[in-house]
Every structure is written in structure tokens, then in C-alpha cells.
Amino acid sequence: MSGVISRMVRKELSPEELLKIIFEYTAKIAGESSLNAVLVLMANMGREMILSDRCAVWLIDDVRKELYTTVAHGVKEIRVPYGTGFVGSSIVNGEPLIIKDAYNDPRHNADNDIRTGYHTKSVITVPFTNNDGEIIGAYQAINKMTDVDYFTTRDLELLSLAASYAGKSLESVMLHQEIIDTQREIISTMGEVGEIRSKETGNHVKRVAEYSYVLALGMGMDISEAELLRTVSPMHDIGKVAIPDAVLNKPGKLTEEEYDIIKSHTKIGHQLLRGSRRELLRTAAIVAEQHHEKWDGNGYPSGRKGEEIHIYGRITAVADVFDALSAERVYKPAWPIEKIENLFREERGRHFDPAVIDVFFQELPLLLEIRERLTDTAEH
Ligand SMILES: [Fe+2]
Ligand SMILES: [Fe+2]
């Protein structure tokens with residue numbers, strides 16, 4: 001339930017309540033290293049401080065000339081062209097905006113309201129700067145929840161305060177994110193090497209990464225851990241670099257010895273990665289070793305059972321098999337989704353962890369959306 005008509009009327013906060021919110025959130029934000037998590041925390045902090053129905057933190061993407069934000073646990077990224085809407089004009093002019101009724105202002109873009117049935121009325125936007133005084137983004141809050149029904153200069157002060165507290169953490173997290181993105185790119189490329197050798201497409205590893213992320217969040221991991229798994233899951237088949245071509249791409253049936261050689265990609269991947277001091281690569285080692293283990297103990301290389309298999313291995317297994325079945329390959333058409341659903345239902349508690357399968361079914365619409373977005377035909 002949201003929108004102006006159904007809104008709950010709230011009372012302005014006391015100074016004590018405000019302080020409590022600020023203390024709580026600045027501590028949480030300072031301990032976060034994931035950009036998405038910081039954006040979500042900052043937005044929640046802003047919303048609670050000024051009693052708005054919705055709040056988002058927007059950042060500037062200089063390369064794509066866009067503004068972007070994340071909502072809902074950092075799963076969905078929203079982008080708009082630079083300079084559009086209230087938030088865009090606030091960033092371009094470096095001025096805050098307080099709007100009593102969005103529909104009386106030509107800058108309002110009603111597309112989102114029309115699509116979601118939400119009604120935007122009052123709006124406040126506050127740009128914020130980095131340590132060098134450059135504008136790097138803005139707060140935007142929508143619909144004041146008190147009986148006044150619009151935002152005031154007090155809200156402006158509070159939101160500026162939130163921005164100045166969180167802004168510094170935000171900048172360091174953005175720098176940290178640069179490094180993480182670079183690592184992720186390198187890792188994803190390494191993962192592609194393993195997959196290309198077994199005639200998978202580059203998008204296979206990207207899709208497995210995104211599926212793993214959604215499943216990890218669904219399993220209750222926090223954003224940072226889910227992002228860690230998203231980064232490492234593409235490396236599950238890296239051990240295939242050491243498997244001879246004649247075996248890996250042999251048409252027709254494999255002998256038992258040949259199948260054993262293929263299976264060894266799990267151990268090889270583990271050996272390649274386990275010696276690292278980096279958490280990232282050590283985590284990748286777990287996934288490389290355990291992504292073919294099965295819940296009932298009939299997998300390889302070790303025949304681990306149930307929770308003896310690391311949760312990262314159990315999640316990647318579902319993501320990997322889902323993609324292998326649902327994507328089209330040179331040698332096979334894509335399986336229809338009903339057929340995949342039947343198989344996953346059958347294999348729940350056999351091949352796969354029942355809990356991960358439950359999350360799989362719950363998140364299926366989102367997984368299919370990702371498949372659509374990262375479809376192979378779009379790139380090839
Ligand atoms: Fe594999
Ligand atoms: Fe794979």
C-alpha cells in the first residue's frame with residue numbers, strides 16, 4: 001500500500017529520535033564496503049529522518065551521461081538521462097528543490113507513476129558533493145508523510161545533514177568499488193577462458209554471476225556477501241583450462257577414463273586458486289571445487305553431502321545448471337521453462353539443496369528477466 005490517499009500520517013521526530021537514526025545509520029554505513037548497500041542505507045536514513053514515503057540516492061555516471069540509483073536490496077538499478085527530472089535539474093544547477101505538487105511542474109516525469117500506479121505529490125531534492133566540493137549525486141525524497149503534506153526547509157537541513165554525514169563514506173566506497181569492478185572484470189574474463197574451451201558463450205558466465213547473486217540474497221545473505229559470490233561464481237569452470245581439447249570437446253560418448261579427466265576440472269580449479277591470500281580468490285577456489293557436488297552425496301569430486309557442501313557451491317550449482325538448460329547452444333535448443341521447472345522439482349533434495357530450489361522458484365520472474373537482458377543473441 002502506498003500513495004497519497006492511503007498514506008499514514010506521522011508526527012515530526014524529536015531531536016532524540018533524530019540523533020538515534022543518525023547514530024544508527026552512520027555506524028552501519030561506515031562498516032559497509034558495498035556501494036549498493038551504502039546507497040540503500042543512505043536512502044533509508046533520509047526517508048526516516050524526514051518522514052517521506054520514498055527516498056533514493058542518485059549518483060552521476062559520467063561515462064554514460066546518466067544518473068543511476070539502486071533500490072530494493074541493490075538488485076535493481078534505475079537509470080535516467082543526465083539532467084532530466086527534478087533530481088537531474090537539481091544536480092545540474094547545484095541547487096536543492098522543494099516541490100509542493102509535482103504535477104504543477106513541467107520538470108515532473110510522470111512515466112513512473114503511470115507505470116506503477118503510484119502518485120507523486122511533494123518532492124525534495126538535495127545535491128551533495130565529494131571532498132573536493134564537486135557534485136557527485138543527490139538525495140531525492142517523495143511524498144511527505146506528516147499532516148503538512150509537503151517538505152519544508154527543516155527537511156532540507158536534515159537531508160543536507162544526512163548527505164554530509166554519509167557523503168564521505170560514499171566517496172571512499174565509490175573508490176573501493178572501482179577496484180572491485182576491475183577485479184570482477186578480470187575474474188569474469190578468466191571465467192570465460194574456462195567456458196570458451198567447453199564451447200560456452202561469454203554471457204553464460206555473466207548470467208551465472210547474476211543468478212547466483214539473486215539466489216544468494218534470497219538465501220538471506222547480505223549484499224556484500226552476495227556480491228562476493230557474484231564475483232567468484234563465474235570462475236567455477238576455470239579448471240577446464242587444463243583439460244585436453246580432445247577430451248573436452250570430444251563428440252559422442254566419453255569413456256569412463258575420459259569422464260574422470262573432465263571431472264578433474266573441479267580439483268584443478270581448486271588447486272589453481274586456493275593458495276591465494278585474497279579472500280576473493282580463496283572463495284573462488286571453494287566454488288570451483290564444489291559446484292558439481294550434489295545434495296544427496298552423489299556428486300563429485302568428493303561426494304560431499306547436504307550442508308557439507310559450501311553454500312556458495314550449492315548456489316552456483318543451481319545457477320549453472322539453470323543456465324546450461326535454459327540457454328540455447330549450438331548443439332541443443334533451449335529447454336522450455338516448464339521442463340526445467342519439472343526437473344528442478346524432481347532434483348530438489350537430490351541434486352540440489354531444497355532451500356536454494358525454494359528460493360529459485362520464488363525468484364524465477366527476476367531470473368527470467370536477467371536471462372532476457374543477457375540473452376546471447378543480443379551480443380552475437
Ligand atoms: Fe564445472
Ligand atoms: Fe558453467
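This is a predicted model: local features need pLDDT of at least 70, side-chain atom pairs count only at pLDDT 80 or more; totals for chains, interfaces and linings use all residues.
Colleague: Thanks! With that cut-off, is Lys65 buried or exposed?

Modeller: Lys65 sits in the loop between strand E1 (52-61) and strand E2 (66-71). There are 10 other C-beta atoms within 10 Å of Lys65. The limit for an exposed residue is 12 or fewer, so Lys65 is exposed.

Colleague: Which residues does Lys65 touch, leaving aside those up to four places away in sequence?

Modeller: Lys65 is exposed, but the residue still has contacts beyond its sequence neighbours. Not counting residues up to four places away, Lys65 touches Pro81 and Tyr82.

Colleague: And what is the phi of Lys65?

Modeller: Lys65 belongs to the loop between E1 and E2. Although Lys65 is not a glycine, its phi is positive, at about 50°.

Colleague: Good to know. Is Asn143 buried or exposed?

Modeller: Asn143 is placed in strand E6 (residues 135-144), and its phi is positive, about 60°, although Asn143 is not a glycine. Within 10 Å of Asn143 there are 24 other C-beta atoms. Since 20 or more is the mark of a buried residue, Asn143 is buried.

Colleague: Let's zoom out. How far apart are the C-alpha centres of domain 1 and domain 2?

Modeller: The domain assignment of the chain gives domain 1 as 15-175 and domain 2 as 198-378. The C-alpha atoms of the chain fill a box of roughly 75 × 45 × 40 Å along the principal axes. Between the C-alpha centres of domain 1 and domain 2, the separation is 37 Å.

Colleague: Among contacts between residues at least 6 apart in sequence, what share joins residues at least 24 apart?

Modeller: For context, the chain has 380 residues, and buried residues make up 38% of them. Taking contacts between residues at least 6 apart in sequence, the share joining residues at least 24 apart is 64%.

Colleague: Now the helices. How many residues of H7 are buried?

Modeller: H7 covers residues 223-232. Its buried residues include Ile223, Ala226, Leu228 and Val232. H7 is mostly covered, with a buried count of 8 of its 10 residues.

Colleague: How are H7 and H11 oriented to each other?

Modeller: Two packed helices are described by the angle between their axes and the distance between the axes. The axes of H7 and H11 (residues 279-290) come within 9 Å and cross at roughly 70°. Angles of 65 to 115 degrees fall in one class, and H7 and H11 are therefore roughly perpendicular.

Colleague: Which residue classes make up the contact of H7 with H11?

Modeller: The crossing of H7 and H11 is right-handed. H7 contributes Leu228, Thr231 and Val232, while H11 contributes Leu280, Thr283, Ala284 and Val287. By class, that contact has no charged residues, 2 polar and 5 nonpolar.

Colleague: Which residues of H12 make the contact with H11?

Modeller: This crossing of H11 and H12 is right-handed. From H11, the contact uses Thr283, Ile286, Val287 and Gln290. From H12, the contact uses Tyr312, Gly313 and Thr316.

Colleague: Is Ile286 buried or exposed?

Modeller: Ile286 is found in H11, and among the residues this isoleucine touches are His310 and Tyr312. Ile286 has 20 other C-beta atoms within 10 Å. The cut-off is 20 or more, so Ile286 is buried.

Colleague: One last thing: between which residues is the peptide bond cis, with omega near 5°?

Modeller: Look in the loop between H11 and H12, where Pro301 is found. The cis peptide bond, with omega near 5°, runs from Tyr300 to Pro301.

Note on methods. Residues are numbered from 1 along each chain as its sequence is written. Chains are lettered from A and ligands numbered from 1 in the order in which they are written. Domain bounds come from an automatic or database domain assignment. Axes are lines fitted to C-alpha atoms, for helices over the stretch in contact, and angles run from 0 to 180 degrees between N-to-C directions. Helices (H or I, at least four residues) and strands (E, at least two) are DSSP runs, numbered from the N terminus. Angles under 35 degrees count as roughly parallel, over 145 as roughly antiparallel, 65 to 115 as roughly perpendicular and the rest as oblique. A crossing is left-handed if the near helix is turned anticlockwise from the far one by less than a right angle, and right-handed if clockwise. Two residues are in contact if their C-beta atoms, placed from the backbone, lie within 7 Å. Ala, Val, Leu, Ile, Met, Phe, Trp, Tyr, Cys and Pro count as nonpolar, Asp, Glu, Lys and Arg as charged, and the others, Gly among them, as polar.
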